[in-house]
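Let's take a walk through this one together, from a single chain out to the place where two chains meet.

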There are 2 protein chains.
Amino acid sequence: MLFSLSQGIAVLERTPGTLHAMLSNLGPDWIRATEGPGTWSPYDIVGHLIHGERTDWIPRARLILEQGEHRRFTPYDRTAQFHESEGKSPADLLDEFAQLRGENVATLTGWRLTEESLRLEGEHPAFGPVTMRQLLATWVTHDLGHIAQCARVMAKQYRTEIGPWREYLPIVDR
Amino acid sequence: MLFSLSQGIAVLERTPGTLHAMLSNLGPDWIRATEGPGTWSPYDIVGHLIHGERTDWIPRARLILEQGEHRRFTPYDRTAQFHESEGKSPADLLDEFAQLRGENVATLTGWRLTEESLRLEGEHPAFGPVTMRQLLATWVTHDLGHIAQCARVMAKQYRTEIGPWREYLPIVDR
């Protein structure tokens with residue numbers, strides 16, 4: 001499937017609602033569950049997505065769009081949520097994510113990107129040249145990866161409670 | 001994490017909303033996308049969940065609860081959705097799933113299961129004796145596994161569109 005702006009946005013604008021439906025008002029046993037030491041809970045994941053809204057996707061896209069002298073992205077801080085989320089409730093985080101995402105999708109839509117602007121390049125700190133199209137496709141895929149991760153983290157909590165069904169549910173051992 | 005009825009129901013009652021938020025009004029390129037021949041699309045997955053609501057979880061739990069002479073489960077038909085969903089729109093399926101799930105959660109809640117009833121056994125056609133507790137934990141885990149699957153199937157559609165970011169997004173190759 002080729003990337004298209006409208007199909008990509010269709011996913012981006014749904015993610016806050018998906019996470020809200022999945023996580024809102026769930027108890028801490030689910031929200032704070034992880035896959036083991038050093039892995040992320042649904043709470044951590046929402047914090048990570050918030051950080052991406054603030055510092056990654058739109059700022060990088062803007063850098064590409066402007067085609068200024070400096071087109072190198074700032075490296076993404078993959079653990080920012082551990083201090084930035086401090087003291088916030090899961091509901092706070094879900095609301096914050098929904099608000100930021102709404103603003104960012106509006107910004108993206110407002111740019112009315114053409115096929116030509118999707119071919120513009122920026123410089124990734126590790127990969128070198130990347131296109132606007134790749135960046136936006138990655139934003140979408142990154143959302144879906146973290147939705148899958150939330151569901152997987154939660155599924156694993158019942159790894160032993162499902163007894164012999166573990167054989168049929170590979171997600172608890174993935 | 002030990003299974004508890006209230007925490008399990010908290011997930012079960014959220015699944016229709018999660019799938020609705022993720023999938024409703026998405027175009028066919030997303031809804032009918034698969035991971036390759038013989039694998040399921042989000043559309044197929046919702047149909048599969050509907051079949052489970054009708055024939056699997058609550059009927060099996062009822063068989064256990066009644067403790068009659070016949071406690072052996074009917075085998076689950078894992079491809080029923082391919083004929084049962086025929087002619088139905090994605091919106092039809094999401095609504096049907098939400099309605100059935102609502103009824104089934106109400107039935108489950110109405111039983112007011114005790115710790116003792118969670119220990120009652122039925123007979124799985126492949127595994128032999130299984131408990132009510134294992135069956136209900138599996139229902140929850142099965143939901144989460146299919147939510148993760150929907151997100152993964154969609155993520156894979158952009159496997160090549162994300163360019164070098166593929167290295168950071170293992171979900172597209174899982």
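A salt bridge here is a side-chain nitrogen of Lys or Arg within 4 Å of a carboxyl oxygen of Asp or Glu. Keep that in mind for later. This is a predicted model, where local features need pLDDT of at least 70, side-chain atom pairs count only at pLDDT 80 or more, and totals for chains, interfaces and linings use all residues. Residues are numbered from 1 along each chain as its sequence is written, chains are lettered from A in the order in which they are written, and side-chain values use heavy atoms, with hydrogens and water left out.

Start with chain A. It holds nine helices and two strands (DSSP runs: H or I of at least four residues for helices, E of at least two for strands). Coming from the N terminus, the order is α-α-α-α-α-α-α-α-β-β-α. The C-alpha trace spans about 55 × 35 × 30 Å along its principal axes. Chain A has 174 residues, and 55% of them count as buried, meaning under 20% relative accessible area with a 1.4 Å probe, protein chains only.

Now look at where chain B comes in. In chain B, 54 residues are in contact with 54 residues of chain A, contact being heavy atoms within 4.5 Å. Together the two chains bury about 4,800 Å², 68% of it on carbon and sulfur atoms; that is the accessible area (1.4 Å probe) the two lose on being put together, summed over both. On the chain B side, B:M1, B:E161 and B:W165 lose the most area to chain A, together 17% of what that side buries.

Back to those salt bridges: the count between chain B and chain A is two. One joins the side chains of B:R133 and A:E161, at 2.7 Å from N to O.

Definitions and conventions: Buried means under 20% relative accessible area, exposed over 50%, partly exposed in between (1.4 Å probe, protein chains only).
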